[in-house]
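Here is a short note to read alongside the structure. Have the 3D view open, and take the points one at a time.

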Amino acid sequence: MLCYEGGMKPLSRRKLLTSSLGLGVLAAPLVSRGAGAAIARVDAAVVGAGIAGLTAAGALQAAGLSVLVLEARERIGGRVLTESETFGFPFEQGATLLRGGTRNPLARYAAGAGLGLSSDASPATLLGPGGAVGPGETTLWRRARGAVESAVADARRKSRDGPVVTREMTDPQVDLLRLQYGLELGASPERASAIDLAARIRTDPDTGARVEAGFSAIPAALAAGLPVWLDTAVGRIEWGGGDVVIDTSRGSVRTTRVVIAVPLANLARGPVAFFPILPEWKRQAIDGLMTGISERLTLSFSQNVFGEARGERIYQRVRHGAQSDTWHAIRLNPMGRAMASEDLAGDAARQAVAIGGDAAGWAMVDRLAAQFGGAVRHYYQGAHLTAWHRDPWSLGSTSYAPIGGHRLRVRLAEPVARRLYFAGEACSVAWAGQTAGAYEAGREAAAAILR
Ligand SMILES: Cc1cc2nc3c(=O)[nH]c(=O)nc-3n(C[C@H](O)[C@H](O)[C@H](O)COP(=O)(O)OP(=O)(O)OC[C@H]3O[C@@H](n4cnc5c(N)ncnc54)[C@H](O)[C@@H]3O)c2cc1C
C-alpha cells in the first residue's frame with residue numbers, strides 16, 4: 001500500500017524527463033517535488049534515484065510491493081547525466097560507456113528497453129608533441145599495459161593483493177598507465193587493490209557501447225511508472241523500533257524495509273545518520289572503501305576541427321620541459337558533435353576544478369591547438385567542467401578498494417537486521433565502480449528483500 005498525506009500527489013513530469021532525450025514514447029516516473037510537509041507509508045522505501053535505487057525500486061514494484069524513491073537532487077540519474085542546456089546539444093557529464101559487450105547486464109537491459117547502442121570500439125591513439133608516436137612507442141605501451149593486466153590477474157588468482165602500478169616501474173609508458181588506471185579509480189593506482197581492479201579491467205577501458213539517445217535514457221527508462229520524490233534529502237533513518245522511520249527534508253516516510261542506494265562517500269561522510277548507529281562491521285566496510293575523484297572537461301566548437309573523428313580517444317603527451325611530460329586522455333567529437341572532452345583524475349581533477357572551467361578550458365585549447373592547429377582556437381566556443389567531488393550528493397566519482405580491502409564490497413552489500421539493504425556501484429564486486437555494478441546491486445538488494 002502506498003499512501004500520501006499532507007496534500008501531496010505525485011504528478012507526471014513526462015515532458016521534462018523525456019523530451020530532451022528524444023524519448024517521447026517512454027512512460028514517465030510519477031514525480032513529486034516541492035516544499036511542505038509530507039508523510040508516506042510504503043512497503044519499501046529507496047533512498048537515491050541513481051541506477052541502483054531505480055533498479056531496486058522497479059524490481060520491488062514489479063513484485064507487488066508499494067515503493068517510494070527519495071531523491072535529494074531535482075533530477076533522477078545520479079552520476080549519469082546527459083545535459084543539453086550548456087551547449088544546446090547533449091553531452092555526457094558522467095557515465096558514458098557500457099563496457100563488456102553483452103556480458104554487461106545493463107547493456108542487455110538497455111537493448112531490451114529498445115534503447116539504441118552504438119559500439120565505440122576503436123583503440124586509443126597515442127600522440128606525442130610531434131604528432132602520432134611511432135609504432136615502437138605504441139608497442140611498448142601495449143606491452144606495459146599487458147604486464148599490468150597479467151599482474152592483476154595473477155594477484156586475483158593467487159588471492160595475493162598488491163598495487164596495480166608500482167613505483168618501481170620506470171618505463172616511460174608507466175605514466176600513461178598511471179593515467180589510464182587513475183581514471184578508472186579517480187586516484188593514484190599505487191593506492192588501489194589489484195584484486196579489486198581486476199574485475200574492472202576485464203574489458204578494455206577505452207571501448208564499449210554508447211547509448212545513442214544519451215546515457216540518461218537508461219535511468220529514464222528504469223524510472224518509468226515509479227513514484228519518486230525529488231528535492232527530498234534523507235537526513236536520518238531510525239531503524240530500531242517497529243517501523244523504519246525516514247526523516248527527509250519534506251517530511252517522514254514509514255516503512256519496514258529501506259534500500260540505501262546513495263554513493264559510498266555519502267554513507268561515509270553524511271548527511272544520512274542512522275539510529276541506532278550501524279554495526280561495527282558495516283562501518284568498517286563503509287570507512288575502509290575509498291572514493292576517487294574524476295572530472296570531465298568538455299569543450300565545444302562552432303564547427304568540427306577534428307576531421308573524421310567521432311568519439312575516438314587519443315592519449316596526448318605534452319612536453320613541459322626537458323624531462324617533464326604529462327599525458328591527457330581526450331575524446332574527439334564525442335556523440336558526433338563538434339566537441340572535445342578530457343577526463344581528469346585525482347590531483348589533476350582537483351586542480352582543474354580549483355582554477356575553474358574557463359581557465360582549464362583555455363589550457364586544453366592550447367594543448368589541442370599545438371596538436372591540431374589554430375582552427376581549434378578559432379572555433380572554440382566554451383567549456384564545461386564537472387565538479388562531482390564538490391557535489392554534496394556524490395562527493396566524488398566512484399569507489400575503489402585500497403590494497404587488501406577487496407572483500408569490503410561484500411560486507412558493504414550485506415543487509416542489516418532485514419531492514420536496511422544497501423545498493424550502489426560500491427556494493428558490486430564484478431562491476432565495481434560502473435553503472436552495471438549499480439544495476440546488479442539494485443537487483444540484488446530487491447531480491448534480498450523479496451526472499
Ligand atoms: C565522470 C564519471 C564518468 C563515469 N564513466 C562511466 C562509464 O563510462 N561507464 C560506467 O559504467 N560508469 C561510469 N561512471 C560511474 C557511474 O556513473 C556510477 O557507477 C553509477 O552511475 C552509480 O550509480 P549509483 O546508483 O550507485 O549511484 P548514483 O548515481 O550516485 O545515485 C545515488 C543517488 O543518491 C542520491 N542521494 C545522495 N544522498 C542522498 C540523500 N541523503 N537523500 C536522498 N538522496 C540522496 C544522489 O543524488 C543520487 O541521485 C562514471 C562516473 C563519473 C563520475
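1. Let's start at the ligand. One of its oxygen atoms is 2.7 Å from an N or O atom in the side chain of Arg79. Taken alone, the ligand exposes 1,000 Å², and the protein buries 96% of that (accessible areas come from the Shrake-Rupley method with a 1.4 Å probe; for residues, only the protein chains shown count as cover).

2. Before going on, a word on what you are looking at. This is a predicted model, in which local features need pLDDT of at least 70 and side-chain atom pairs count only at pLDDT 80 or more, while totals for chains, interfaces and linings use all residues. Residues are numbered from 1 along each chain as its sequence is written, and side-chain values use heavy atoms, with hydrogens and water left out.

3. Which residues of the shell are closest to the ligand? They are Glu71, Arg79, Leu97, Val234 and Thr435, out of 38 residues that surround the ligand (each has a heavy atom within 4 Å of it). The elements that give two or more residues to this shell are α2 (51-62) and α14 (435-450) (helices, H or I, have at least four residues and strands, E, at least two; both are DSSP runs numbered from the N terminus). By class, the shell has 18 nonpolar, 15 polar and 5 charged residues (Ala, Val, Leu, Ile, Met, Phe, Trp, Tyr, Cys and Pro count as nonpolar, Asp, Glu, Lys and Arg as charged, and the others, Gly among them, as polar).

4. Next, look for the largest pocket, with a volume of about 940 Å³. On a 1 Å grid over the protein atoms alone, a pocket is an open set of points with protein on both sides within 12 Å along at least five of seven lines, a cavity is a set where a 1.4 Å probe fits but cannot get out, and lining residues have an atom within 4 Å of a point. Of the 37 residues lining the largest pocket, Leu179, Ala345, Gly346, Asp347 and Ala348 are the closest to its centre. α10 gives the most to this lining, with 7 residues. The lining holds 17 nonpolar, 10 polar and 10 charged residues.

5. How many cavities of 30 Å³ or more does the structure hold? There are 3. Among the lining residues are Ile260, Leu267, Leu412, Phe422 and Glu425.

6. The backbone deserves a look as well. The peptide bond from Phe275 to Pro276 is cis, with omega near -5°. You will find Pro276 in the loop between β18 (273-275) and α9 (280-288).

7. Leu395, with phi near 55°, sits in the loop between β24 (380-385) and β25 (399-400). Arg418, with phi of about 50°, sits in the loop between α13 (408-413) and β26 (420-422). Is each one buried or exposed? Leu395 counts as buried because its relative accessibility is 17%, whereas Arg418 is exposed, at 52% (buried means under 20% relative accessible area, exposed over 50%, partly exposed in between, with a 1.4 Å probe and protein chains only).

Terms used
Grid points are joined across faces, edges and corners, and a volume is the space filled by probe spheres set on the points. A polar contact is a pair of N or O atoms within 3.5 Å; within protein, one must be able to donate a hydrogen and the other to accept it, and residues adjacent in sequence count only if both atoms are side-chain atoms.
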